[in-house]
Amino acid sequence: MARKYKLVAQEQCWLDSFNNYWGTKYSNNELVFKSQELNKYSIGMETIESAVDSFNQRVAYGPAIELVEVNR
């Protein structure tokens, strides 16, 4: 069974920037799977994990958005 994660932003403004950057509508603490496609319009079949990594490196220059594993 795939592990679930929460998409967690350090501040709401970072999540807003993430959503604007990728054209998505994620909310803070939303449950996701690391390997799920970012959205159906994503170029190159970005996964949520690669999108978070890319955003943190290219836009935030640090860990503004994290994927936190949800314990069952």
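Colleague: Is Tyr-21 buried, exposed or partly exposed?
Modeller: In this predicted model, Tyr-21 comes out partly exposed, because its relative accessible area is 39%, and the cut-offs are under 20% for buried and over 50% for exposed.

Colleague: And Phe-55, buried or exposed?
Modeller: Phe-55 counts as buried, at 0% relative accessibility.

Colleague: OK, rings next. How many aromatic pairs does the structure hold?
Modeller: Five. In one of them, the ring centres of Tyr-21 and Phe-55 are 6.0 Å apart with planes at 70 degrees, so that pair is edge-to-face. It links distant parts of the chain, with Tyr-21 in helix α1 and Phe-55 in helix α2, 34 residues apart.

Colleague: What about Phe-18 and Tyr-26?
Modeller: Their planes sit at 55 degrees and their centres 6.3 Å apart, so this pair is tilted. Both Phe-18 and Tyr-26 are buried.

Colleague: Which residues do the ring pairs link into a cluster?
Modeller: Trp-14, Phe-18, Tyr-21, Trp-22, Tyr-26 and Phe-55.

Colleague: Back to the helices. At what angle do α1 and α2 pack?
Modeller: About 110 degrees, with the axes 11 Å apart. The two helices are therefore roughly perpendicular to each other. The residues of their contact divide into 10 nonpolar, two polar and one charged.

Colleague: Now the core. How many residues has the largest nonpolar one?
Modeller: It has 16, and Leu-7, Phe-18, Ile-48 and Ile-65 have the most contacts inside it. At least two core residues each come from β1, α1, α2 and β3. α2 gives the largest share, five residues.

Colleague: What does Ile-65 touch?
Modeller: Leaving out residues up to four places away in sequence, its contacts include Leu-7, Trp-14, Phe-18 and Phe-55.

How values were computed: Residues numbered from 1 in each chain as written. Predicted model: local features only at pLDDT ≥ 70, side-chain atom pairs only at ≥ 80, totals over all residues. Heavy atoms only, no water. Core = buried A, V, L, I, M, F, W, Y, C linked by side-chain atoms within 4.5 Å. Buried < 20%, exposed > 50% of the residue type's maximum accessible area, 1.4 Å probe, protein only. Helix = DSSP H or I, 4+ residues; strand = E, 2+ residues; numbered from the N terminus. Contact = heavy atoms within 4.5 Å. Axes fitted to C-alpha atoms, helices over the stretch in contact; angles between N-to-C directions. Parallel < 35°, antiparallel > 145°, perpendicular 65-115°, else oblique. Nonpolar A, V, L, I, M, F, W, Y, C, P; charged D, E, K, R; others polar. Phe/Tyr/Trp six-rings, centres within 6.5 Å; stacked < 30°, edge-to-face > 60°.
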